[in-house]
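Hi everyone, thanks for coming. Please have a look at the structure on the screen.

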Amino acid sequence: MIEISMIDKANNSASIGKLNLIDLAGSERVAKSQVSGQQLKEAQCINKSLSELGNVVSALRRKQQHVPFRNCLLTRILEDSLG
């Protein structure tokens with residue numbers, strides 16, 4: 001995560017921006033890649049995280065009362081950027 005802060009000296013206002021860099025290497029169709037062992041577990045976790053991210057985005061678009069940010073680490077990390 002990269003956080004950048006800026007102060008505009010003309011009107012003394014502050015701005016903050018965040019950039020989240022997330023490595024999703026290994027996210028692929030498990031059956032096609034024919035991985036096993038630790039690589040299989042990693043691919044399954046990445047795919048689950050991407051699925052949960054889709055659930056969060058869907059809940060936000062529908063303006064649902066409950067948004068499932070806590071279902072995985074990826075959505076917890078991105079919570080303040082998404083919601």
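Let's start with helix α2, residues 38-61, and helix α3, residues 73-82, whose axes lie 10 Å apart at an angle of about 30°. Helices here are DSSP runs of H or I, at least four residues, and strands are runs of E, at least two, numbered from the N terminus. Axes are lines fitted to C-alpha atoms, for helices over the stretch in contact, and angles run from 0 to 180 degrees between N-to-C directions. So α2 is roughly parallel to α3, a term for angles under 35 degrees.

From α2, the contact (heavy atoms within 4.5 Å) uses Ser49, Glu52, Leu53, Val56 and Leu60, and α3 brings Leu74, Thr75, Leu78 and Leu82.

A word on the source: this is a predicted model, where local features need pLDDT of at least 70, side-chain atom pairs count only at pLDDT 80 or more, and totals for chains, interfaces and linings use all residues. Residues are numbered from 1 along each chain as its sequence is written, and side-chain values use heavy atoms, leaving out hydrogens and water.

Now, is threonine 75 buried or exposed? Threonine 75 is at 0% relative accessibility, so it counts as buried, meaning under 20% relative accessible area with a 1.4 Å probe, protein chains only. A polar atom of its side chain sits 2.6 Å from the backbone oxygen of phenylalanine 69.

Finally, asparagine 20 is in the loop between β2 (13-19) and α1 (30-33).

How values were computed
Angles under 35 degrees count as roughly parallel, over 145 as roughly antiparallel, 65 to 115 as roughly perpendicular and the rest as oblique. Buried means under 20% relative accessible area, exposed over 50%, partly exposed in between (1.4 Å probe, protein chains only). A polar contact is a pair of N or O atoms within 3.5 Å; within protein, one must be able to donate a hydrogen and the other to accept it, and residues adjacent in sequence count only if both atoms are side-chain atoms.
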